[in-house]
Amino acid sequence: MGPPRRKVLATAEETLFPPDELAEGQEIARVIKATGNNVYLIELSSKKTMLVELPARFRSTIWMKRRSYVVVDMNALEGRDNKLGGEIINIVRDEKAWRKAPFWPKEFVKQPVAVVSSDDEEEEESNVGKMPSSDESDA
């Protein structure tokens, strides 16, 4: 049985808006990949990578995909002797609102989507999955 609905809604609402400021030892990072067992490989704004843990309150509640952003607390797991460098304390869901915050790293600039169009070459329309035209003969 999953967590009560009120806990799920409270967690989802908590991650929607950015805090006024980040505390000491907290930093925004980009998720590179999920390594398993609620451990994620992240990239900090300084291009350093590390493993972080996802706390139980986010598990099966909010899903993260590659290249999404999270807030990591580096001081949360200081006493533990393992490979984990921190713990995810917040997940950036409304990226547009978070980017307006003064603590958003300059290194995580939004990449413009480049549309490649070639005017020089005329590309033929693909016939894959289409019916043959009526003027083609079977001869």
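Q: Where in the chain is N37 found?

A: In this predicted model, N37 is found in the loop between β1 and β2. These two strands form a hairpin with 2 residues between them, and N37 is in that turn.

Q: What should I look for in the backbone of N37, and is the residue buried or exposed?

A: As a general idea, most residues other than glycine have a negative phi. N37 has a positive phi of about 55 degrees although it is not a glycine. At a relative accessibility of 76%, N37 counts as exposed, because the cut-off for that class is over 50%.

Q: Which loop holds R67, and how does its backbone read?

A: R67 belongs to the loop between β3 and β4, and its phi is positive, at about 70 degrees, although R67 is not a glycine.

Q: Turning to the strands, how do I read their pairing, and which strands does β1 pair with?

A: The general idea is that strands of a sheet pair through backbone hydrogen bonds, either parallel or antiparallel. In this model, β1 (residues 26-36) is joined to β2 (residues 39-44) by 6 bridges, and the two run antiparallel; within this pair, V31 stands opposite I42 in β2. Strand β1 also pairs with β4 (residues 69-73), again in the antiparallel sense, over 5 bridges, and here A29 stands opposite V70 in β4.

Q: In which sense does β5 run against β3, and in which sense against β4?

A: Strand β5 (residues 84-91) runs parallel to β3, with 3 bridges joining the two, and V52 stands opposite G86 in β5. With β4, by contrast, β5 pairs in the antiparallel sense over 4 bridges, and the bridge partner of V72 in β5 is I88.

Q: What do the strands build when they are taken together?

A: They make a closed barrel of 5 strands in the order β1-β2-β3-β5-β4, with mixed pairing. From one strand to the next, the twist averages 55 degrees.

Q: How many helices and strands does the chain have, and in what order do they come?

A: The chain has 2 helices and 5 strands, and from the N terminus on its elements run α-β-β-β-β-β-α.

Q: Where does T61 lie, and is T61 buried or exposed?

A: T61 lies in the loop between β3 (49-53) and β4. Its relative accessible area is 17%, so T61 is buried, the cut-off being under 20%. Leaving aside neighbours within four places in sequence, T61 is in contact with V8 and T11. T61 and K7 are 54 residues apart in sequence, and 9.3 Å separates them in space, C-alpha to C-alpha.

Q: What do contacts and burial look like across the whole chain?

A: Among contacts between residues at least 6 apart in sequence, 60% join residues at least 24 apart. Of the 139 residues in the chain, 29% are buried.

Q: Finally, how do I read a pocket, and which residues line the largest pocket?

A: The largest pocket holds about 150 Å³ of space. Its lining consists of I62, W63, M64, K65, R66, R67, S68, Y69, I91, V92, R93 and E95. By class, this lining has 6 nonpolar, 1 polar and 5 charged residues.

Definitions and conventions:
Residues numbered from 1 in each chain as written. Predicted model: local features only at pLDDT ≥ 70, side-chain atom pairs only at ≥ 80, totals over all residues. Heavy atoms only, no water. Pairing = 2+ DSSP bridges. Axes fitted to C-alpha atoms, helices over the stretch in contact; angles between N-to-C directions. 1 Å grid on protein atoms, 1.4 Å probe; cavity = no way out; pocket = protein on both sides within 12 Å on 5 of 7 lines; lining within 4 Å. Points joined across faces, edges and corners; volume = space filled by probe spheres on them. Nonpolar A, V, L, I, M, F, W, Y, C, P; charged D, E, K, R; others polar. Buried < 20%, exposed > 50% of the residue type's maximum accessible area, 1.4 Å probe, protein only. Contact = heavy atoms within 4.5 Å.
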